[in-house]
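Hi there,

Here is the structure I promised to pass on to you. Have a look at it first, and my notes follow below.

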Amino acid sequence: MVQTSYYDPTFSDSAFFYDRQSSSLAQRKDGRLADHFNRKVSYYHPKDVGLYHYGPLHPMKPFRLTLTNELVLGYGLHEYMDVYAPRKATAGEISQFHSEDYVDYLSRVTPASLAADIDVNRTLPADSQIHTHRIGDDDCPAFSGLFNFCQQYAGASLAAARKLNIGATDIAINWSGGLHHAKKGEASGFCYVNDIVLAILELLRLHPRVLYIDIDIHHGDGVQEAFYRSNRVLTVSFHKFGDHFFPGTGDVSETGLNEGKYFSLNVPLQDGIDDQSYVQLFKDIMGPTINTFQPSVIVLQCGADSLGLDRLGSFNLSIRAHGECVGFIKQFNLPLLVVGGGGYRQSSVSRCWTYETSVLAGVSISSTLPNTLYNGYFPGMELHPTLNNSHLIPNKNTYADLEALKRKIHEQLRVLNGAPSIQMQEIPPSITGLTEEVDDAMEEEEEDRREEERDGYLWGVHSGSRHVYKR
């Protein structure tokens with residue numbers, strides 16, 4: 001296989017498109033680079049994480065995670081990965097980023113208690129009202145099991161980060177994570193706990209420089225804000241900007257503050273960007289960025305609302321193009337944490353993340369979806385359904401505009417002038433080391449897993465129940 005430069009416009013014949021075989025099960029792809037072939041991949045799917053419900057009219061549907069997991073298992077991709085049902089994050093772990101008063105409120109709030117708080121607030125002056133931390137607005141409702149849901153997806157991202165830190169995996173996948181809008185003291189944009197920030201904080205214990213990349217259609221504002229003054233985390237976000245599009249941040253002029261000056265890169269785009277324009281821009285920016293910043297680990301947020309026909313998005317990306325961006329980052333052979341994010345057409349999201357799982361695992365899967373309990377969600381049973389041209393949005397991103405944007409980003413990289421020199425201190429205690437009881441529980445959990453591996457098996461999650469997967 002010929003490895004191409006990141007300047008080559010080759011998305012249509014990319015080596016990352018591993019869906020051309022006729023078999024419905026995943027197969028090893030012959031002729032791949034040796035370091036790709038040997039990379040160890042871990043897959044994290046919290047038990048029953050897809051069963052939570054934001055509400056009947058809410059666009060965020062955690063059930064998309066169940067659909068994704070069923071397709072991953074249906075294709076047999078679990079045979080090529082270590083599969084984990086991780087423990088929940090503790091309130092103390094979540095408080096490593098989020099304020100304690102917010103975590104306390106989040107851990108207690110229910111639909112009934114929130115309604116009572118709102119009623120009380122109607123009788124109080126503004127300076128005496130109960131702080132609801134923006135929970136209860138249209139975007140971030142209180143729903144049954146809310147804190148458990150947050151603990152599950154955050155716990156998965158933390159477990160993935162720890163596995164990378166100890167060198168037990170090369171690539172870690174948590175599609176339930178990627179909730180990039182949550183702030184230190186409040187919920188925002190369907191996001192309550194920022195698992196990405198928690199995972200990056202964990203990675204920073206060992207790694208001098210972390211690169212964060214966001215291909216969600218919405219700006220990764222919560223992650224940018226958390227590290228806006230740091231030169232150890234470089235954040236890069238490709239997103240729609242303008243026309244009052246949420247969250248309203250992410251202009252190219254937002255570059256960081258103090259020590260973090262120039263360590264925030266923003267790539268604001270307009271409606272309708274197509275595959276070739278997006279992939280080429282992504283490669284032309286991310287190649288020089290990685291070579292300049294020289295990260296020792298990468299976190300990649302793969303929000304699928306940048307796909308064409310998304311219910312809240314306005315780009316025209318195909319699953320193949322979205323997956324090519326993932327494959328391009330994998331090509332740098334750096335430790336990689338991959339998380340989910342937005343995506344509001346469940347059938348598209350689950351297809352996309354399943355395909356990207358195959359890309360990350362380095363295996364080939366059929367373009368025909370496997371049979372699962374949820375075939376009704378996938379008319380035609382195609383992994384890569386054709387986007388109907390009549391439904392596509394006109395591309396407002398001209399070649400001249402994209403070239404000008406690329407020049408601005410390259411100029412910012414020039415000013416950055418290479419990777420910062422970081423004097424590493426003694427590694428601080430892990431954020432998991434909150435109590436001896438937590439540490440002991442984790443050690444027992446890992447010992448149980450080692451015993452299972454010695455017997456030649458892995459535990460996984462399928463259809464809401466535990467199954468044993470033969471290694």
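**Backbone notes**

Glutamine 294 sits in the loop between α9 (275-293) and β8 (297-301); helices here are DSSP runs of H or I with at least four residues, strands are runs of E with at least two, and both are numbered from the N terminus. Its phi is near 55 degrees, a positive value in a residue other than glycine. At 47% relative accessibility, glutamine 294 is partly exposed. For that term I used these cut-offs: buried is under 20% relative accessible area, exposed is over 50%, and partly exposed is in between, with a 1.4 Å probe and protein chains only.

Before going further, please note that this is a predicted model, in which local features need pLDDT of at least 70 and side-chain atom pairs count only at pLDDT 80 or more, while totals for chains, interfaces and linings use all residues. Residues are numbered from 1 along each chain as its sequence is written, and side-chain values use heavy atoms, with hydrogens and water left out.

Histidine 133 also has a positive phi, near 55 degrees, in a residue other than glycine. Its place is the loop between α5 (111-121) and α6 (146-165), and with a relative accessible area of 4% histidine 133 is buried.

There is a cis peptide bond too: it runs from phenylalanine 246 to proline 247, with omega near 0 degrees. Proline 247 belongs to the loop between β6 (233-240) and β7 (264-269).

**Annotated positions**

An unreviewed UniProt entry lists Asp139, Gly189 and Tyr344 under "binding site". These positions cluster in space, with a largest C-alpha distance of 13.3 Å, although they are spread over 206 residues of sequence. The UniProt positions follow the numbering used here, feature names are shortened, and annotations may be inferred rather than shown by experiment.

Aspartate 139 lies in the loop between α5 and α6 and is partly exposed, at 25% relative accessibility. Setting aside neighbours within four places in sequence, aspartate 139 is in contact (heavy atoms within 4.5 Å) with His58, Gly189, Phe190 and Phe246.

Tyrosine 344 is in the loop between β9 (336-339) and α11 (346-361), and at 7% relative accessibility tyrosine 344 is buried. Not counting residues up to four places away in sequence, tyrosine 344 touches several residues, among them Pro59, Met60, Phe190, His218 and Arg311.

**Cysteines**

How many disulfides are there? The count comes to zero, where a disulfide is a pair of cysteine sulfur atoms within 2.5 Å. For cysteine 150, which is in no disulfide, the nearest cysteine sulfur is that of cysteine 191, 9.5 Å away. Cysteine 150 is buried, at 0% relative accessibility. Cysteine 352 is in no disulfide either, and the nearest cysteine sulfur, that of cysteine 302, is 7.3 Å away. A relative accessible area of 0% makes cysteine 352 buried as well.

**A residue in α9**

Isoleucine 290 is part of helix α9 and counts as buried, at 4% relative accessibility. Apart from its neighbours within four places in sequence, isoleucine 290 is in contact with Leu211, Pro295, Ile298, Ile329, Phe332 and Leu334. For isoleucine 290 and isoleucine 329, which are 39 residues apart along the chain, the C-alpha atoms are separated by 9.2 Å.

Best wishes
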